[in-house]
Amino acid sequence: MVDTAYRFQSGFPKIGIRPTIDGRRKGVRESLEVQTMNMAQSVADLISEHLRYPNGERVECVIADSTIGGVAEAAACADKFARENVGVSITVTPCWCYGTETMDMNASIPNAVWGFNGTERPGAVYLAAVLSGYAQKGIPAFGIYGQEVQEASDTSIPEDVKGKLLSFANAGLVVAYMRGKSYLSMGSVSMGIAGSIVNDAFFQEYLGMRTEYIDMSEFVRRFEEQIYDVAEYEKALAWTKKNCLEGPDNNPASIQTTREQKDKDWETVVKMALIARDLMVGNPRLAELGFGEEAMGHNAIVSGFQGQRQWTDHFPNGDFMESILNSSFDWNGIRPPFLVSTENDSLNGVVMLFGYLLTNTAQIFADVRTYWSPESVKRVTGHELSGHAAGGILHLINSGSATLDGTGEQQRDGKPVLKPFWEITEKEAADCLSATSWRPAGVEYFRGGGYSSDFLTRGGMPMTMSRINLVKGIGPVLQIAEGYSVDLPADVHDTLDKRTDSTWPTTWFAPILTGEGAFTTVYDVMDNWGANHGSISYGHIGADLITLASMLRIPVNMHNVPEEKIFRPRVWGLFGTESKESADYRACSNFGPLYN
């Protein structure tokens with residue numbers, strides 16, 4: 001097996017825990033030392049138990065060397081955090097502390113404060129005081145305060161506090177992990193799609209990321225100069241021939257490519273997958289082959305491939321490359337996905353990255369293609385939609401580039417799921433491959449040929465569709481739709497699917513309706529969606545996306561997340577508590593991009 005661990009060589013950010021304390025000696029501080037340090041340790045244990053890095057390892061926490069009773073100890077903690085690669089800060093206390101003397105002043109990382117709800121000492125008073133200080137100094141911080149009063153001797157973390165700690169930590173790690181990484185633009189603008197106009201200011205100012213660019217001719221250079229691991233290529237091609245079933249050719253007989261050309265296309269698309277991966281993260285093997293510069297890669301955690309039309313009018317399309325890299329397995333076995341956005345839609349690539357880092361699971365890239373009302377479905381097929389689909393469905397379908405994990409052939413407790421790679425079994429990976437056929441590309445669209453994956457996502461999975469859009473005068477805005485994948489009777493699916501390109505993968509998606517705004521009806525969801533693409537994550541992660549967006553100062557223009565699950569910095573409430581969507585816009589505008 002080729003070792004792909006090199007993609008994680010830069011390490012992962014850690015979470016810093018800051019136990020703050022009342023600085024008064026001769027009885028007060030001394031009586032609180034054990035309780036305060038126990039709080040810090042309990043938070044560290046909680047996070048390490050529940051959160052994982054993208055490589056499957058448990059998240060690491062760093063605790064200050066001592067409790068923090070004043071500015072000297074706060075500075076010593078800051079020094080330790082800088083040395084230990086801390087990217088997220090959580091302050092905990094059971095008591096009153098000196099607010100601006102003990103607070104974390106690092107404005108470039110996410111900050112949260114847990115003030116213990118106990119009557120013996122005023123932890124809640126410190127929480128309110130320090131959050132006021134954060135607001136006054138322009139550092140949005142998250143406040144965590146349990147609903148129920150606890151005994152001073154109680155070392156447990158209440159469930160509501162656990163939820164907020166984990167939500168904050170999970171989103172904060174996304175912020176920290178993106179910083180300093182790259183988006184790799186392979187090619188330029190595809191067919192005038194605005195999302196593929198890669199906006200370097202957005203990536204730099206909001207995400208702390210670089211934008212890297214190559215021309216698609218770099219693929220041709222690497223083909224011709226054999227800048228790839230030939231041994232791995234031969235292994236990959238043999239694996240592909242064995243595991244990737246070629247489906248029927250839907251092209252009219254007069255324009256179908258020959259068997260010889262189809263075989264050459266397979267060779268080309270496998271090389272494309274190797275080259276795209278090496279461009280993203282590098283490959284030490286290339287240095288051994290004499291290609292030292294190429295071995296370095298572009299430090300990219302997400303990329304996009306233009307493809308249409310400058311590439312696909314002459315070369316095989318990028319669908320196999322994108323599908324297999326976006327999946328959690330290939331010829332090297334089960335491994336983390338490499339995120340590649342179709343048509344170089346960088347804005348969809350960003351939400352793919354958000355969803356992946358929040359869940360450690362592969363992401364489905366899709367067109368938000370068609371709204372099917374119950375009436376239209378019944379008229380065309382005679383079938384009456386029911387269950388989650390009763391209000392109508394969205395046909396999510398793109399040109400065969402979606403992750404094969406999206407088949408839903410992985411299972412947990414007998415139900416279809418998408419799993420982190422370290423939970424996927426060899427059988428589940430094989431089942432995903434078996435559920436997929438590779439259809440010769442429609443040459444009217446893709447003159448250069450190639451292959452598109454074709455599968456049907458299993459129904460019943462909770463899913464979240466999201467999208468970033470850029471608006472002149474505002475900047476980025478995020479939209480979110482939680483819902484479920486849907487099963488249709490086979491004949492109904494076939495009838496609807498054949499009205500578009502039936503060689504592409506389909507996910508039938510039913511958003512959850514609230515009866516208000518953009519979620520009054522399924523039509524309203526479609527009508528308010530801001531672009532032609534969306535990224536679909538397993539699970540209902542809308543609340544985590546909202547928390548993450550607030551850290552990055554990206555307002556949310558539509559969502560169907562229950563109000564009680566939303567967790568943003570405490571200062572957001574100072575921009576208004578009646579219309580929280582409007583307050584979100586004002587707060588994000590006021591504080592500006594995280595790295596501006």
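A salt bridge is a side-chain nitrogen of Lys or Arg within 4 Å of a carboxyl oxygen of Asp or Glu. The views below come from a predicted model.

**View 1. Arg309 and Asp313 form a salt bridge.** Their side chains meet at 2.9 Å, N to O. Arg309 is partly exposed, at 40% relative accessibility. Asp313 is partly exposed too, with a relative accessible area of 26%. Elsewhere, salt bridges with shared partners link Glu218, Arg221, Arg222, Glu225 and Glu294 into one network. Across the whole structure, the search finds 32 salt bridges.

**View 2. Glu225 pairs with Arg221.** The N to O distance in this salt bridge is 3.7 Å. Glu225 is partly exposed, with 46% relative accessible area. Arg221 is also partly exposed, at 28%.

**View 3. Glu232 and Arg277 meet in a salt bridge between two helices.** The distance is 2.7 Å, N to O. Glu232 sits in helix 8 (residues 230–243), and Arg277 sits in helix 9 (residues 259–281), so the pair ties together parts that are 45 residues apart in sequence. Both Glu232 and Arg277 are buried.

**View 4. The largest nonpolar core has 69 residues.** Ile17, Ile47, Trp114, Met178, Leu207 and Phe354 touch the most other members. Helix 5 (residues 159–178) gives the largest share, 12 residues. Domain 1 (5–178) and domain 2 (182–591) both contribute, so the core lies between them. In soluble globular proteins, nonpolar side chains tend to be buried together.

**View 5. Ile17 and its contacts.** Neighbours within four places in sequence are left aside here. Ile17 is in contact with Ala40, Val43, Ala44, Ile47, Cys61, Val62, Ile63, Ala64, Phe81, Ile90 and Val92.

**View 6. Cysteines without a disulfide.** The count of disulfides is zero. A disulfide is a covalent bond between the sulfur atoms of two cysteines. The cut-off used is 2.5 Å between the sulfur atoms. For Cys95, the closest cysteine sulfur is in Cys97, 4.1 Å away, which is too far for a bond. Cys95 is buried, with a relative accessible area of 1%. For Cys61, the closest cysteine sulfur belongs to Cys77, at 13 Å, again too far for a bond. Cys61 is partly exposed, at 21% relative accessible area.

**View 7. Glu343, Asp367 and His533 carry a "binding site" annotation in UniProt.** The annotation comes from an unreviewed entry. These residues span 191 residues in sequence, yet no two of their C-alpha atoms are more than 11.1 Å apart, so they gather at one spot.

**View 8. Glu343 in its loop.** The loop runs between strand 12 (340–342) and helix 13 (346–359). Glu343 is buried, at 8% relative accessibility. Not counting residues up to four places away in sequence, Glu343 touches Ser190, Met191, Ile193, Ser196, Phe305, Gln306, Gln308, Glu322 and His533.

**View 9. His533 in strand 22.** The strand covers residues 533–538. His533 is buried, at 0% relative accessibility.

Notes:
Residues numbered from 1 in each chain as written. Predicted model: local features only at pLDDT ≥ 70, side-chain atom pairs only at ≥ 80, totals over all residues. Heavy atoms only, no water. Buried < 20%, exposed > 50% of the residue type's maximum accessible area, 1.4 Å probe, protein only. Helix = DSSP H or I, 4+ residues; strand = E, 2+ residues; numbered from the N terminus. Core = buried A, V, L, I, M, F, W, Y, C linked by side-chain atoms within 4.5 Å. Domains from an automatic or database assignment. Contact = heavy atoms within 4.5 Å. UniProt positions renumbered as here; feature names shortened; annotations may be inferred.
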